[in-house]
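Visitor: Can you walk me through the helices in this one?

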Amino acid sequence: ILVLGGGIDEEGKLDYLSVERAQRAAQCTREADIERIVFSGGTSWLENHEITPRSEAEMMAEIAIDLGV
């Protein structure tokens, strides 16, 4: 499954679309014979003009791992 990022907000948190996509990918993996999830999405600029410490892909992967995938 390829999961496209949905954005990171100004505080460095995943946009609700990214969270929902990661959760749905984890659900699909459990329901079907899927061996791999590929998450996409890079870093973003924060409100304080710094770059997020983790990419969207890393944060979405963490959600999937927390859900047992």
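This is a predicted model: local features need pLDDT of at least 70, side-chain atom pairs count only at pLDDT 80 or more; totals for chains, interfaces and linings use all residues.

Visitor: How many residues does helix 1 have?

Guide: Helix 1 has 16, residues 16-31. Helices (H or I, at least four residues) and strands (E, at least two) are DSSP runs, numbered from the N terminus.

Visitor: Which residues of helix 1 are buried?

Guide: Ser18, Ala22, Ala25, Ala26 and Thr29. Buried means under 20% relative accessible area and exposed over 50%, with partly exposed in between (1.4 Å probe, protein chains only). They cover an arc of only 95° around the axis, which puts them on the same side of helix 1; the arc is that of the directions from the helix axis to the C-beta atoms.

Visitor: And what sits on the face turned away from that side?

Guide: Tyr16 and Glu31, both exposed.

Visitor: What covers the buried residues of helix 1?

Guide: The cover includes strand 1 (2-3), strand 2 (38-39) and helix 2 (56-66).

Visitor: On to helix 2. Which residues are buried there?

Guide: Glu56, Ala57, Met59, Met60, Ile63 and Ala64. Down the axis of helix 2 they fall within an arc of 165°, so they line one face. Exposed Ile65 and Asp66 are on the face turned away from the buried side.

Visitor: What follows helix 2?

Guide: Gly68, with a positive phi near 95°.

How values were computed: Residues are numbered from 1 along each chain as its sequence is written. Side-chain values use heavy atoms; hydrogens and water are left out. The expected span of a helix is 1.5 Å times one less than its number of residues. Contact means heavy atoms within 4.5 Å.
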